[in-house]
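Work through the following exercises with the sequence and the structure at hand, and compare each solution with what you find.

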Amino acid sequence: MNELGKKLCDIAFDKQKADYLLAMREESGNVAPVFISKGEDIGEANIDYPYQLVTILSRIYPWLNKGKIAIVARRCDEKALNETIKRGLFDGNRIAVIGLACSKEQIKKCRCNDPVPTKVDIGEPNNGVNTDELMNKLQRISPEERMDFWVRQFKKCNKCFACTTNCPVCFCEDCVLEERTFVAEKGIPPGLSFHMIRTFHLADKCIECGECERSCPVDIPLLTLRKMALKDIKDLYNFKPGDRETASPMLTTLEGELLEDDTHVC
Amino acid sequence: MARIGVFICHCGHNIASVVDVEKVTEFAKTLPGVVFASHNMYSCSEEGLGSIRDSIEENKLDRIVVAACTPRTHEPLFRRNCERAGVNKYLFEFVNIREHCSWIHAKEPEDATRKAMNLVAMGVAKAALLEPQTEGESNVVPVALVIGGGISGLAAASALVSQGIETHLVEKEASLGGILRDIEVIGPEMTESKKLIEELKRSIECSPKAHIHLSSRVTGLTGFIGNFEATISSEKCDEKVKVGAIIVATGGREFIPKGEYGYGSLPGVITQLELEKMLAKKEFPEKTVFIQCVGSRQPGRDFCSRMCCNTSIKNAIRIKEAKPDARVSVLHRDIMSYGTLAERVYMEAAEKGVRFMRYSLERIPMIKKKDSGLSVEVYDETLDEVIQLDADNVVLATPMVPIDDVKDVAMLLKVPVDKYGFFLEAHVKLRPVEFATEGVFICGTARWPSQVSECIAQGLAAAAKASVPIREGKVVIEPITAFSDSEKCIACGNCVIACPYEAIEIVEIDSKKQAKVNEAQCKGCGNCVAACHNDAMQQKGFGTRQLGAMIDALIKNALEVSE
Amino acid sequence: MSEFNPTILAFCCNWCSYAGADLAGVSRLQMPPNVHVIRVMCSAAVKPEYVFKALSQGIDGVLVLGCHIGDCHYMTGNHRTAKRFPLAQKILNDVGIDETRLKLDWVSAAEGEKFQQVITEFVGVIKKLGPNPLREVKF
């Protein structure tokens, strides 16, 4: 157990009185998630690599009927927990958060504007960045050029479902995109509807962790697409996913609607 | 694999004069799953229905597609026909190639034919995925609500209570009778209106089943056929009543001229109702000129109010009978005295010396004030001559128009009005006293200017129609309710939030949390379906795979063919 | 080259806009023959997924027509419609599809003329835009 591992175990088991700890560790040169019970050896804990532990938690959770689980969470993980707890996937009382502040490099990679967890247990808080260069560029160019760009990107898609599988707020067991009801019969690449439907489904719950983009084997800039839709829903309804209080799911509730007469057509 | 039969209707010339039905039929035969296609003159006729049944039997069809008019009127008929032929009636799909095609693309037969082919392909694609359904039932509150205590509402309420049906009659005024309170006799048969009203009133008032709410309005309405809850408000209180069926008899009102022919400024220029009040007081003018079609059959209000001609003729005769020497002229554009009796009375008026003169909209009569009385200058089209008439009174025969708050009533009941503001029935011939909204009925002048005899007939018809669900005690729930695929459902609760009727809850079945739809509460809106992200929630008859297949069919036939 | 004849899909709710379309038919109001109506019970039953599917496979335009706000047969259905489709439009724009290829409007059962007007105008807009570029894109 390294120093970091010891610190994580202290926070999880002594301070937060958790029964389990979900974190990352290095083993034989690979960094991967680790899940331990109180008293077990965490090994060489590591926080250098972003990974969606909330997705891992949702896989483990159904098998654990009781006990408190501590989880190392960046700000985005924390927001993912809020979105999932709000939807009843986890019991919030059984989750303890070990707040991890992201490094400057990580913040830059994620183009993240909200990197500091509510309570920082590990790491030093750093300021977020407000711009996604690609998003800015896409907003500047003409719709035709924008379509060219995305068509080129989406033609690379081989429908591996890494983006959905690793997404912390994508929790359907059978994804509608696996069927042919809404996507073209032609198969792979799946065409634009696949990506637009996913964008729509995530618009009121995406927490910008960037796991879809990191997971994509063909480097489609999915985080940028997510950020564009998040800007849309912010512009329309002044809504930003990620806290436990706001109405959810935004698009299904009647909250925030501006309808008083019937002129609201688009 | 489904065995689909497609039947294309000519609807006489209505469809076939625009859409090439033979071409559409040949095209239908090429569609996946179609084993039989034909066209016939009138699919809805007994002959047409019979031939569909024969084809079902001969070809062992298990999915039926009829391309004809609108499902909003004819779907029940064709569904029943399927049932008669032993096919579950929900294995039927309707394609609208009349209202949505031939009638609106009359000048583009080729494009209309192509569109009809696309629509048929879409219908066939959906039909292939249809599943048999069983109907549910729900209880009916055995109480009726009649809104409006004029002649139509009285006739309806009287008929309902005479059947022993508990009835709430709501009238906004302090007494019953509506416009007839201001009219002494009703033409053309010269019935005494007071007698008629009193008789109907008595039949209602003496029934223990009747609840009369005077000076009251219906201010709230929720629910559906069989189970409405209406709020009846008066100055004193708000009362909530549960009813199974509703009859709208809110009537109309006389159009008040806005300065036409000097109304309001020239003394002696009066409306028909003002004349009625004079005649009731036995004040018979020496010289009377009626002007017909004031404010009707002209741009902006282009309908014929139908009752005004008969009313003028009736009042002309009354004046002539009281004062045989009185001079009475009727200036008209066309006399609408339809039917056997009214036409005879029109002749009788002419025989009694009432003068009928025809004017045109281009050259309307002019009225001038004289030292005593009025003078009317009219260009008689038939004589091709300008004629001067003296008059004590000029009576403006104006149309019946909708009541002022018709939009509010329509909004409350969630029923449509036409462009004039009259209520719109479900179908002018097939469902003339019903709204498309089940359990809500319409009669009298609220629907269209009607003679008293027609108002009564419609009131009785509406009562008969409204009593059907009440007598049956149950209404069939169309199987368009939602259901959740328990395998797919992850109990996220989107559907629970989306449902306007609180019909969905998250339950645990076989230790799996999932959404469950309470069928009795579900109204089949499909809101939950759109809210469900992983397609677990489905609506019977509107499955996402079915609608997806329709879109695919359109893409395949409209886009890929043209390439 | 022959004139561009767009292929358009419309979702109409059973109670208002479908009835409005029927009224337009009964009134013999003429309009361009490009629009294919799918009947649904409520505009809020229209999944934006259908729109994405149709547009990504080359349909030139999609109309979603419901009851006027306040007139929904299911009380609040069309409020949700009004909430969803503006976002769907913005997502179309994000990937470069002209957002006017999707239109949401309200047509009551009594508005045959409005139906005619909405259809005529929308077909005009789509004709001006030209064919959906995705029709040519082979994935």
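**Exercise 1.** How much area do chain C and chain A bury between them, and what share of it lies on carbon and sulfur atoms?

*Solution.* The model is predicted, so that local features need pLDDT of at least 70 and side-chain atom pairs count only at pLDDT 80 or more, while totals for chains, interfaces and linings use all residues. Residues are numbered from 1 along each chain as its sequence is written, chains are lettered from A and ligands numbered from 1 in the order in which they are written, and side-chain values use heavy atoms, without hydrogens and water.

Buried area is the accessible area (1.4 Å probe) that two parts lose on being put together, summed over both; for chain C and chain A the value is about 3800 Å², with 69% on carbon and sulfur atoms. Of the area that chain C buries against chain A, C:Lys83, C:Asp94 and C:Phe139 supply 22%, more than any other three residues.

**Exercise 2.** Determine which residues make up the contact.

*Solution.* Counting heavy atoms within 4.5 Å as contact, one finds 39 residues from chain C and 43 residues from chain A. On the side of chain C that touches chain A, helix 3 (77–94) is one of the elements that supply at least two residues, and helix 3 of chain C gives the most, with 15 residues; helices (H or I, at least four residues) are DSSP runs, numbered from the N terminus.

**Exercise 3.** Count the salt bridges between chain C and chain A.

*Solution.* With a salt bridge taken as a side-chain nitrogen of Lys or Arg within 4 Å of a carboxyl oxygen of Asp or Glu, the count between chain C and chain A is zero.
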